[in-house]
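Subject: Structure handover

Hello,

My notes on it follow below.

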Amino acid sequence: YMRFVINRETGIIKEVLLKEQNGFINLYPLTNKGLGLFMPTVSTVSFQHLQEQSRSGMLLQSNGKTREYVLTGRTVQTTLKGENSIQFYMPAHTEESRQDARYLRLVVKDNAGTTNNIKISRALKQTIVFNNVAWIALSFKHYSLLYDPDISVSVQISPHISREGFIVNIKSNQDNWALKSYFGPNYSPILSQIEPNWLSLLDYGILNNTMKGMLSICYKLTRNYGLAIIVLALFFNMLFAPLTIESYRSMKKMQGLQPHMQALKEQHKDNPQAINKEMLALYKRHNVNPMGGCLPMLLQIPVFIALYNTLMRSYELKNATFLWVKDLSVPDKLLTLPQALPFVGSDINLLPILMAVLMFVQQKMSPTPKSSGAAMPSLWFLPIIFGVIFYKFPAGLVLYWFTNSLSMLVLQNIGRK
């Protein structure tokens, strides 16, 4: 499952490689050669005696200090003798895109069961101290580096002098102790199998956790994450269907009232208060709620935000296929052009294009107010803007939005009738 590179003289882990379906990926892309994981707190430490136990283990010794690294499945067991503290350098910038970098965070859990989430920007500005710590992790979008000592420890997080990263100092009250390190995916079946206490790493809040649970249920029913996303999108559209249909009917009624509204504006053009009073009376006579078209959208905003966060960080979507999509966690590249195009690059992603076309059709079929006054601004460019925004998004998220737009188009036709 994993490979790691150790400096035999300092005992520092310089590189962590994780085996995935398409080969090994580098979880710790470090450019500074003098830093790394498991750094000694005493700079004069020099491990001179080396004993290779096997391909999965290494024993280092120096002046009464001993380190033993043992690779066991998905974890690294590190036994320390003669050292009561150890340091880890964490880079603040990774090879992930800026879009994915927002998910980078530090997670610290104490023995009282409290989980603390720390933004990287805070770790780069000030020193943070935690006592009675159970484990600490640096969590990325899909992966984490987690350190779980076998005894209670204190943790100090300090900005590195370069301001390009920070140092995590783990200190125990004993010279002989051990850490279990996990370098792997944010995937609950794996974490629960190794250590159930680590599942707090995947706690993203009640709403996000609920969405993750619903996605898992849909997957159990369909056995395909593409179908699971479609089922989830249809479920929420059916849930909000009565409000959505009513909103389209309200918009249709508002369209029919436009001539009356224009007449009132011309009749009371010098008296804004009279216009407002007559407008309210007009809405009441025709049983129209001017805000009725906005209500379904307002109710769906928290749901969409939670789904967005869930689909963006779901490791389950990695290498999950659907139709022509080979990986739902990345854009659905259909083909690559010899030359890059403005805004979209050289990759042709089909799902965002289909989504933009569908939004254009939906826009054309939507009720639009007609007025004899100034022309309403044209919004024909909105599908293009959404297409560009979603173009680099994971295929799973675009598939959800495409399904949502398609079902909204069906409900729109029902509302018009």
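**Surface patch**

Before the rest, the ground rules. This is a predicted model: local features need pLDDT of at least 70, side-chain atom pairs count only at pLDDT 80 or more, and totals for chains, interfaces and linings use all residues. Residues are numbered from 1 along each chain as its sequence is written, and side-chain values use heavy atoms, with hydrogens and water left out.

Leu-354 sits in helix α10 (residues 350–365). Helices (H or I, at least four residues) and strands (E, at least two) are DSSP runs, numbered from the N terminus. Leu-354 is partly exposed, at 34% relative accessible area. The cut-offs: buried is under 20% relative accessible area, exposed is over 50%, and partly exposed is in between (1.4 Å probe, protein chains only). Leu-323 is exposed, at 69%. Leu-323 belongs to the loop between α9 and β17. Its phi is near 55°, a positive value in a residue other than glycine.

**The loop between α9 and β17**

Asn-319 is also found in the loop between α9 and β17. Its phi is positive too, near 65°, and again the residue is not glycine. Asn-319 is partly exposed, with 21% relative accessibility.

How many salt bridges does the structure hold? It holds 1. The rule asks for a side-chain nitrogen of Lys or Arg within 4 Å of a carboxyl oxygen of Asp or Glu. Lys-212 pairs with Glu-316, and their closest N and O atoms are 3.6 Å apart. Lys-212 is in helix α4 (residues 206–222) and Glu-316 in the loop between α9 (295–313) and β17 (333–341), so the bridge ties together parts 104 residues apart in sequence. Glu-316 is buried, with a relative accessible area of 12%.

**Aromatic pairs**

A pair of aromatic rings is described by the distance of the centres and the angle of the planes. Here, rings of Phe, Tyr and Trp (its six-membered ring) pair if their centres lie within 6.5 Å; planes under 30 degrees apart are stacked, over 60 edge-to-face, and the rest tilted. The count comes to 12 aromatic pairs.

Take Tyr-143 and Tyr-315. Their ring centres are 5.8 Å apart and their planes stand at 75°, so the pair is edge-to-face. Tyr-143 lies in strand β13 (residues 143–149) and Tyr-315 in the loop between α9 and β17, so this pair ties together parts 172 residues apart in sequence. Tyr-143 is buried at 9% relative accessible area. Tyr-315 counts as buried at 13%.

Phe-386 and Trp-401 form a stacked pair, 6.3 Å centre to centre with 10° between the planes. Phe-386 is in helix α11 (residues 382–390) and Trp-401 in helix α12 (residues 395–416), 15 residues apart. Phe-386 is partly exposed at 28%, while Trp-401 is buried at 16%.

Ring pairs join Tyr-308, Phe-386, Phe-390, Phe-393 and Trp-401 into a cluster. Phe-393 is in the loop between α11 and α12. It is buried, at 12% relative accessible area. Phe-393 and Asp-332 are 61 residues apart in sequence, yet 9.0 Å apart in space, C-alpha to C-alpha.

**Helix faces**

The buried residues of α11 are Pro-383, Gly-387 and Phe-390. Seen down the helix axis, they fall within an arc of 75°, so they line one face of α11. The arc is that of the directions from the helix axis to the C-beta atoms.

In helix α7 (residues 258–267), the buried residues include Gln-258, Met-261, Gln-262 and Leu-264. The buried residues of α7 fall within an arc of 160° down its axis, so they too line one face. Pro-259, Glu-266 and Gln-267 are exposed on the other side of α7.

Best wishes
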